[in-house]
Amino acid sequence: PCAFTVNAIDDAAVEGTETIVATLSNQSVANGSASLGVASTTTNVTELDADVTFDVSSTASVSEELGETVTFTVTLTGSALVGANTASVDIIASGSATSGADYDDFVAALTAAATAAPGVSFDGVDTLTFDSSFNAGTGTGPFAFTVNALDDAVVEGTETIVATLSNQSVANGSASLGVASPPTHVTEPDADVTSAVTSPAT
């Protein structure tokens, strides 16, 4: 046998599995006849690189009085995460409604949901990280968590909860943001009223 080697070269381009095909042809021998047996062989070149996009959606409107539930869904689309590749994104809550007062604690809800979801971790501050075991090993798809509106007697009018994504990244490949900050409106029936009584002057 005559053997030779080449090394795969890592790059940041997202290309998926590629192939190297070595093919023999034009066989000859100076004296006699030549033929080909196995004329070509294929090597698959795999990679971890992924091109991913993060989006977030939320329930459009909930009632504070009824303690309705807001569902937030962070969706990872694009190339599936494979092997040891991971993707991360920061998520924070803002808006005029207050976490822990007008609705369940946002960070606590995230922590509980991430703990229960294989392939998802949360750092307890703002960063969600996904790995290749996420969503039954597909490495892509939706991650949802919920908070409940909390009723109080304070007259605040309609308030908002805004979940915002930022600082998207992937260990191998490229990451982008789609829908990054949709608002949820928290409505209430509370009213600030004034009553007065008068009597005829004497």
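Strand 6 (residues 87-94) and strand 10 (residues 159-170) run antiparallel and are joined by seven bridges. Within this pair, Asp 90 stands opposite Ser 166 of strand 10. Strands here are DSSP runs of E with at least two residues, helices are runs of H or I with at least four residues, and both are numbered from the N terminus. Two strands count as paired if DSSP finds at least two bridges between them.

The model is predicted: local features need pLDDT of at least 70, side-chain atom pairs count only at pLDDT 80 or more, and totals for chains, interfaces and linings use all residues. Residues are numbered from 1 along each chain as its sequence is written, and side-chain values use heavy atoms, with hydrogens and water left out.

At the start of helix 1, a side-chain oxygen of Asp 105 comes to within 3.2 Å of the backbone nitrogen of Val 107.

Which residues of helix 1 are buried? They are Phe 106, Ala 109, Leu 110, Ala 113 and Ala 114. Because they cover an arc of only 125° around the axis, they are on the same side of helix 1; the arc is that of the directions from the helix axis to the C-beta atoms. An α-helix has 3.6 residues a turn, so residues three or four places apart point the same way. The buried residues of helix 1 pack against strand 5 (69-78), strand 6, strand 7, strand 8, strand 9 (141-148) and strand 10. On the other side of helix 1, Thr 115 and Ala 116 are exposed. Buried means under 20% relative accessible area, exposed over 50%, and partly exposed in between (1.4 Å probe, protein chains only).

Two backbone angles remain. Most residues other than glycine have a negative phi. Asn 26 is not a glycine, yet has a positive phi of about 55°. Asn 26 sits in the loop between strand 1 (18-23) and strand 2 (40-45) and is exposed, with a relative accessible area of 73%. Ala 136, in helix 2 (residues 134-137), has a positive phi near 60° and is exposed at 82% relative accessibility.

Conventions. Contact means heavy atoms within 4.5 Å. A polar contact is a pair of N or O atoms within 3.5 Å; within protein, one must be able to donate a hydrogen and the other to accept it, and residues adjacent in sequence count only if both atoms are side-chain atoms.
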